[in-house]
Amino acid sequence: MLKLYAMFLTLIFLVELVAAIVGFVFRHEIKNSFKNNYEKALKQYNSTGDYRSDAVDRIQNTLHCCGVTNYRDWEDTNYYSDKGFPKSCCKTEDCSPQRDANKVNNELVGIFLAYCLSRAITNNQYEIV
């Protein structure tokens, strides 16, 4: 019984190892896929509460950001031409941003730091300590 348990743990470890290697090898494709899907969700954004719009709102609220790269990404959307920026772009709780860029989150602290960390790891991958 103990050998069977050890075999299952080894199998799970190998699956995790393979998943990590595949994720590392295809990291650029995965990043581009996420970016393209997020841009598509931004273009199709509306305030009716479908799952894509809810996901965009949740991402912007959690990361305190607005748009894919910055708040100007919203200017190409139908939602912006009708109503301006969505409420999830607000810096404060009680704002209605309309078209005033001073009231929206334009810093991408979370995404920027994650990108910098990823880049530093990739650049220093073969550095000898």
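Where is the place of Cys 89?

Mentor: This is a predicted model, and what follows should be read with that in mind. Cys 89 sits in the loop between H4 and helix H5, the latter covering 109–123. Its relative accessible area is 0%, so Cys 89 counts as buried, the cut-off for that word being under 20%. Another cysteine, Cys 66, lies 5.0 Å from Cys 89, C-alpha to C-alpha. In sequence, Cys 89 and Cys 66 are 23 residues apart.

Now put that loop in its setting. The protein has 129 residues, and 22% of them count as buried; Cys 89 is one of the buried residues. There are five helices and zero strands, which gives the pattern α-α-α-α-α along the sequence. Among contacts in the protein with a separation of 6 or more, 40% are between residues 24 or more positions apart.

Next, consider helix H4, at one side of the loop that holds Cys 89. Helix H4 spans residues 78–83 and contains Tyr 79, while Tyr 45 lies in the loop between H2 and H3. The rings of Tyr 45 and Tyr 79 form an edge-to-face aromatic pair, with 4.9 Å from centre to centre and 90° between the planes. The two residues are 34 apart in sequence, so their pair ties together separate parts of the chain. Both Tyr 45 and Tyr 79 are buried.

Tyr 45 leads on to the two helices on either side of its loop, H2 and H3. Helix H2 runs over residues 27–43 and helix H3 over residues 51–63; their axes are 9 Å apart and the packing angle is about 110°. Angles of 65 to 115 degrees count as roughly perpendicular, so that is the term for H2 and H3. Their crossing is left-handed. From H2, the residues in this contact are Tyr 38, Ala 41 and Leu 42, and they meet Arg 52, Val 56, Ile 59 and Gln 60 of H3. Sorted by class, the contact has five nonpolar residues, one polar and one charged.

Helix H2 also packs against helix H1, which covers residues 2–25. The axes of H1 and H2 come within 4 Å and cross at roughly 70°. H1 is therefore roughly perpendicular to H2. Here Gly 23, Phe 24 and Val 25 of H1 meet Arg 27, Glu 29 and Ile 30 of H2. The classes in the contact of H1 with H2 are three nonpolar, one polar and two charged.

Technical notes
Residues numbered from 1 in each chain as written. Predicted model: local features only at pLDDT ≥ 70, side-chain atom pairs only at ≥ 80, totals over all residues. Heavy atoms only, no water. Axes fitted to C-alpha atoms, helices over the stretch in contact; angles between N-to-C directions. Parallel < 35°, antiparallel > 145°, perpendicular 65-115°, else oblique. Left-handed = near helix turned anticlockwise from the far one by under 90°. Contact = heavy atoms within 4.5 Å. Nonpolar A, V, L, I, M, F, W, Y, C, P; charged D, E, K, R; others polar. Phe/Tyr/Trp six-rings, centres within 6.5 Å; stacked < 30°, edge-to-face > 60°. Buried < 20%, exposed > 50% of the residue type's maximum accessible area, 1.4 Å probe, protein only.
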